[in-house]
Amino acid sequence: RLQAIFNGTPYTGPGGSFTPAGRHAAFATNVGTLVEPLTVADARAFLNRWPKNVGSHNDQIMQWQTCFPQGSSGTGWVGRLADQLYSSGNKAEHLFNMISLDGVSPALTGSRYQHHTDGSSSGFVNAMSAPVGPSADRYVKGREALQAILQGQLDGSAQTNILTRAYARSVLEGLQANEEYQDKLNAVAVPSPILSVSNTHNMVGKMRRVAHIIKAFRTAATNGGASYTGPRRQVFFLTLGGWDHHNGTGSTHFDFMNLLDGALAEFYAQMEAQGALNDVTAFTASDFGRALVPNGDGTDHAWGGNQIVMGGAVNGGDIYGQYPAMLRKADNETLSADLYGNGVFVPTLAVDQYMQRLGKWLLVGTGGSGWSDSQDTSPWRQVLPNWGGFATLPIGQQYANNLML
């Protein structure tokens, strides 16, 4: 199915037939965390700075989301982008600009703006957004208690504890936001499934949930017209874990790829049905690739890997970046890009370059669309702390100029 979207050709097979509207999928190759540009020779000699703990899942996951591979950061690249884009705006207008379907997302955490957590996967939404019976009574009384705390009256005495009041305000604001969020979703029908694909790990279910959210907010914006005060740009975060295939790659990896293939195809079909293909871009992000030389029946941790970008605004049917020569270090020390001799490649496209191109597309039509890619004063340096080292690299410019229409 992804192949059909990549080639822009009809798909006929298990799960239902569909015809993509064009060549709307592409690959970004050999992408990985980098502090600064790094050649294979420099990497082998440790002449340049490396990301912290290359090969560590937790560290690399955080570095992909924060774009700060030399250490730790309390904010992510999307959150910092929102901070810059909406620095003088009304916070209420941007409450749902960033939505996570999988808990706290470092990528969607800013200094000024935080993401909204969709609780559909955990059942929290159903339990708290529209309670009935005894739950409804407890919900109402709970809200009244929170409001009483903020008013300084609880059990007939003044409430002066600052932490208690801050907690009450935070919870009450969260409940109010969740109610507003659910009202928007309840105003439109849940989109019907289009393809019959496996929903193992609820990946397809989460993609359909995103399709529902997009439909709801697009409908609200259309109905509200010029007076609409909600978000007109949104970033969604969802995860599919379980790719650490040190064993059983021949079967497990295939199953996961088949699951991802079905989820992406269902999402593409949903966006096509909504007429939203040109307005939505989906992209993958991981911690690192896998070593190309097997360790038996699995593969070990590597560094640079390949990512998928899909949507109507994608200049698809191509691979962007510098694909590494498939030559092992043991065969030719000088020409090989293989770092250790087991198929681990130094990234030739930084996560910063990958994210900047996607972020630049998101900014089209805003005051941020004119941000300079390379000036010292560019806001990109606030969004991507290491951007100065990658802004003018030829490979980055080729990638940036061609991937998105």
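Two strands are taken to pair if DSSP finds at least two bridges between them, and the strands themselves (E, at least two residues) and the helices (H or I, at least four residues) are DSSP runs numbered from the N terminus. The structure is a predicted model, in which local features need pLDDT of at least 70 and side-chain atom pairs count only at pLDDT 80 or more, while totals for chains, interfaces and linings use all residues. Residues are numbered from 1 along each chain as its sequence is written, and side-chain values use heavy atoms, with hydrogens and water left out.

Strand β2 (residues 98–100) is joined to β3 by two bridges, and the two strands run parallel; within this pair, S100 has T117 of β3 as its bridge partner. Both strands belong to an open sheet of three strands, ordered β3-β2-β6, in which the pairing is parallel. Because β3 (116–117) and β6 (235–237) stand at the edges with a single partner strand each, one side of each is left without a neighbour in the sheet.

Antiparallel pairing is found around strand β8 (residues 305–311). Five bridges join β8 to β1 in the antiparallel sense, with M310 of β8 as the bridge partner of A25. Strand β7 (residues 281–283) also pairs with β8 in the antiparallel sense, over three bridges, and here F283 stands opposite V309 of β8. Strand β8 is mostly covered, since six of its seven residues are buried, where buried means under 20% relative accessible area, exposed means over 50%, and partly exposed lies in between, as computed with a 1.4 Å probe on protein chains only.

The nonpolar interior was examined next, a nonpolar core being a set of buried Ala, Val, Leu, Ile, Met, Phe, Trp, Tyr and Cys residues joined through side-chain atoms within 4.5 Å. The largest such core has 52 residues, and those with the most contacts inside it are W77, L81, W303, Y354, M355, W380 and L403. Two or more residues are given to this core by each of β1 (25–32), α2 (40–45), α4 (77–85), β6, β10 (349–350), α10 (351–363) and α11 (380–383), and the largest share, seven residues, comes from α10. When its neighbours within four places in sequence are left aside, L81 is in contact (heavy atoms within 4.5 Å) with G359, L362, L363, W371, W380 and V383. A second, separate core of 43 residues includes Y11, I99, Y268 and V280. In soluble globular proteins, nonpolar side chains tend to be buried together.

Helix α7 (residues 162–186) packs against helix α8 (residues 203–224) at an angle of about 90°, with the two axes 8 Å apart. Axes are lines fitted to C-alpha atoms, for helices over the stretch in contact, and angles run from 0 to 180 degrees between N-to-C directions. The arrangement makes α7 roughly perpendicular to α8, given that angles under 35 degrees count as roughly parallel, over 145 as roughly antiparallel, 65 to 115 as roughly perpendicular and the rest as oblique. Residues Y181, Q182, K184 and L185 of α7 and R209, H212, I213, A216 and F217 of α8 make the contact.

F46, which is placed in the loop between α2 and α3 (57–66), has a phi of about 55° although it is not a glycine, and F46 counts as exposed at 60% relative accessibility. N53, placed in the loop between α2 and α3, has a positive phi near 55° and is likewise a residue other than glycine, whereas its 40% relative accessibility makes N53 partly exposed.
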